[in-house]
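Please open the structure in the viewer and keep the selection panel at hand.

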Amino acid sequence: MIAGHDWSRTALGARARWPVGAATMVAMILESRQPMFLLWGPERTLVYNDAYVPLLGAKHPSALGRPFLEVWEEAVDSLKPLVDRVFEGHSNYMDHIHLMLDRGEGLREAHFSFSHSPVRDTDGRVGGLLCVCTETTAGVLAERSRRVVEERMREIQSELAHMSRFTALGEMASALAHELNQPLAAISNYLTGCRELLEDPGERDDALVRDAIGEAAAQALRAGEIIRSLRAFVSRAEARRQPVPLETLVSETLALALLGSSHVEVRVNVRIGSELRVLVDRIQIQQVVLNIVRNAVEAMQGRPVRTLEIVASASPHDGMVDVAISDTGGGIHPAVAAKLFQPFQTTKPNGMGVGLSICRTIVEAHGGRIAAETRADEGTTFRLSLPAAGEEGERDAA
Ligand SMILES: Nc1ncnc2c1ncn2[C@@H]1O[C@H](COP(=O)(O)OP(=O)(O)OP(=O)(O)O)[C@@H](O)[C@H]1O
Ligand SMILES: [Mg+2]
């Protein structure tokens, strides 16, 4: 096609009298399978090789011998300054350039990596531009959709982690409600009976009233036992406790907790010695960290400084590991501060207010403690202690 083209009206002139620099470059690019083209002269006359044809789409074959910036007129604003600079003698390399190109299917996003070199004429002046390029559009788009899918998956995962505790709680609550129904109904019956006995002085039988009140008290104790079994439900997991490196547990949980909240950019500082190991039910303690970190991220939304800090150290006295999780949020609202760890305390429109009560149940079932310190408008620190994994724990795990 190059041989058959009439070049006499371009800056290159008739094919037989092409400048040496141009002729050499064209001979070289025609031998290459790498997409390449040469631009020549003030019109930036385009000469390209076969490998460049797919990049032109419907613009081939009419692009051959035409001014480059007319061929790619839809991207002239991006391309002209790049091309002009090379004609001033500068070489240029770009790993990714994003252009909107119309290659016969309307404007579409396209990405390229390329290298531009000035090509000098015999007199030493820059006569042309050699471009070696690679189209990366498919890779960039695939990477982008992979990221979107991954992000969505993490959101779902994180939602699930959030939901799973509701499900566990829901199951626990309905089992409890069912169990509690009996003693509560009995208490109500006994007390109604007592009132009827007391209202009718004629029939009054103190012994009967005393018995009925005794029964009601016994049923109330039974109800208390059932509620206490909530704790047993959690501590049933005792058998699943294993020595776990705290750093790993925390970093895994952070990945889950933070990726679901990508809209809030948070700086994270974790300082946990790699030697620190805790004897815990991994899933439960991850749930605790997840709840606290989620609260922290939520508290920092819209704050100018968003730093989450997690620091841990072995407590010197009691065989526990102390963990402090601090945020730079607005502090705990006084309305919930006093009953922070009680269920259904929430300041959030969609909050259930159960996160922290579950945290406390889990931590205390592990023999640990949880507390919060808050500084209004500065942030909040949650401190928990967890049993350190001593020799015993390690032997068990082995
Ligand atoms: N780091 C924190 N900074 C400020 N306030 C907090 C923080 N952590 C908890 N709170 C307050 O404590 C309340 C209770 O938290 P909790 O996690 O128990 O429930 P929630 O986050 O409201 O709802 P959910 O059950 O969905 O977790 C929150 O609504 C919030 O007002
Ligand atoms: Mg919460």
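Select Ala372 first: Phe382 in strand E12 stands opposite this residue. The model is predicted, so local features need pLDDT of at least 70 and side-chain atom pairs count only at pLDDT 80 or more, whereas totals for chains, interfaces and linings use all residues. Residues are numbered from 1 along each chain as its sequence is written, and chains are lettered from A and ligands numbered from 1 in the order in which they are written.

Next, select 370-375, strand E11, and 379-387, strand E12. These two pair in the antiparallel sense over six bridges; pairing requires that DSSP finds at least two bridges. Strands (E, at least two residues) and helices (H or I, at least four) are DSSP runs, numbered from the N terminus.

Now extend the selection to the open, mixed sheet of five strands, ordered E7-E9-E10-E12-E11. Strand E7 (267-272) and E11 are its edges; each has a single partner strand, so one side of each lacks a neighbour in the sheet.

Return to the loop between E11 and E12 and select Asp377. Asp377 has a positive phi of about 65° although it is not a glycine.

Finally, select Pro61, in the loop between helix H2 (53-56) and helix H3 (68-71). The peptide bond from His60 to Pro61 is cis, with omega near 10°.
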